[in-house]
Amino acid sequence: MKLPRRRFLQLAASAPALPALCRAASAQTYPSRSVLLLVGYAAGGVNDIVARLTGQMVSERLGQPFIIEDRPGAGSNLATEAVVRASPDGYTLLEASTSNGWNATIYQNLKFDFIRDIAPVASTVKTYNAMIVNPSFPAKTVPEFIAYAKANPGKINMGSAGVGTTSHLAGELFKAMAGVDLLHVPYRGSAPALTDLVAGQVQVMFDAMITTLPHIQSGKLRALGVTTTMRSQVLADIPSIAETVPGYEAVIWYGVGAPLGTPTQIVDKLNREMNAALASAKITSRLAELGAAPIIASPQEFGAFVRAETEKWEEVVRTSGTKVD
């Protein structure tokens, strides 16, 4: 059948709008199936714990499963790249974290730009590290530790969950600001590092409260300080490191990102539902038990926060010489 010229031109003109109309329609019904939330670290770690809590709370509000898939490797870059390349339809999301902010400086040959290629959806949780030592270590306070470290340069082993992790860079920031020389011993994850700290193979760690709190409460490890500027409600008798090293702060943050181009309606819906869940007494209480707190912000505010954190840690990474080819 031959279409009249006017009708043909009308159809041709409307064709480019069809994908946008389809995206708008799918955004209105989102989510209509399960959503994949990729985590860049191994199961059982802090990132995995936070992601499962995030997935559960948003799943309850949106009525669809949020499937957590741990895809560890390259300091979370494998998972991030997978989300960058995913369809921008809201069904593949990234659990973003502090490491995404400093990976641009640590890794020399990334195939993506986190700030440019990942759309900020929502911040979720902030927590902090505890400076922990084996109970047999002679120093019982941060000032005593600094004095001991200066008297024994290069002789204290500082364990971490790996090069470029929060436990590593929180330690590097402490080294720079306190003026001490600690020997960095990277592990493949927080769990084996903590095991060796308990056994006395390494002497100090700056690890996340979520994973260290049980060891502190059981007496297997001793906390000298926390990495927030104020004292922790969970460990109220433990001073902040900033009380001895003014200005020291190392906050760990988590959030959710999506591929660039994800419809604004979907981003806003996810942000709204996550913020509502984070404001609930149930979630706030659960996070407090873990030594964490919710971060409630708009996508724009979350994006600005990530940019600021990236700039802050760039100097720490460069000063420490941390680099991965």
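Where in the chain is confidence lowest, and where is it highest? I looked this up before anything else. Confidence is lowest in helix H1 (residues 5–14), at a mean of 59, and highest in H7, at 98. The score is pLDDT, the predictor's confidence in each residue, from 0 to 100. Where pLDDT is low, the predicted coordinates should not be read in detail. Over the chain the mean pLDDT is 90, and 92% of the residues reach 70 or more.

**Ground rules.** I am reading a predicted model, in which local features need pLDDT of at least 70 and side-chain atom pairs count only at pLDDT 80 or more, while totals for chains, interfaces and linings use all residues. Residues are numbered from 1 along each chain as its sequence is written, and side-chain values use heavy atoms, with hydrogens and water left out.

**Overall picture.** I find 13 helices and 10 strands in the chain. These are DSSP runs numbered from the N terminus: helices are H or I of at least four residues, strands E of at least two. The C-alpha trace spans about 90 × 40 × 30 Å along its principal axes. Of the 325 residues, 52% count as buried. Buried means under 20% relative accessible area, exposed over 50%, and partly exposed in between (1.4 Å probe, protein chains only). I also checked contacts, meaning heavy atoms within 4.5 Å. Among those with a separation of 6 or more, 78% join residues 24 or more positions apart.

**The cores.** Next I looked up the largest nonpolar core, which has 30 residues. Such a core is a set of buried Ala, Val, Leu, Ile, Met, Phe, Trp, Tyr and Cys residues joined through side-chain atoms within 4.5 Å. Met131, Phe145 and Phe174 are among those with the most contacts inside this core. Helices H5 (98–106), H7 (142–151), H8 (166–178) and H13 (299–320) and strands E4 (118–133) and E7 (204–208) each supply at least two of its residues. H8 gives the largest share, five residues. Another core lies apart from this one; it has 20 residues, including Tyr30 and Met274.

I then followed Val204. Not counting residues up to four places away in sequence, Val204 touches Met131, Phe145, Leu182 and Leu197, among others.

**Helix H10.** Which residues of H10 (residues 209–218) are buried? They are Met209, Ile210, Thr211, Thr212, Leu213 and Ile216. Their cover includes helices H3 (46–62), H9 (190–199) and H12 (281–289), along with E4, E7 and strand E8 (222–226). Gly219 follows H10 with a positive phi, near 90°.

Thr92 sits in strand E3 (residues 92–97). Is Thr92 buried or exposed? Thr92 is buried, at a relative accessible area of 17%. Beyond its neighbours within four places in sequence, Thr92 is in contact with Leu36, Leu38, Val83, Ala86 and Pro259. Thr228 is in the loop between E8 and strand E9 (251–259). Thr228 is buried as well, at 15%. With neighbours within four places set aside, Thr228 contacts Tyr128, Ser240 and Glu249.

I noted a cis peptide bond between Tyr30 and Pro31, with omega about -10°. Pro31 lies in the loop between helix H2 (17–29) and strand E1 (35–39). Ala74 is not a glycine, yet its phi is positive, about 55°. Ala74 is in the loop between strand E2 (66–70) and helix H4 (77–84). Ser76, in the loop between E2 and H4, has a positive phi of about 85°. Ala74 is partly exposed at 39% relative accessibility, whereas Ser76 is buried at 4%.
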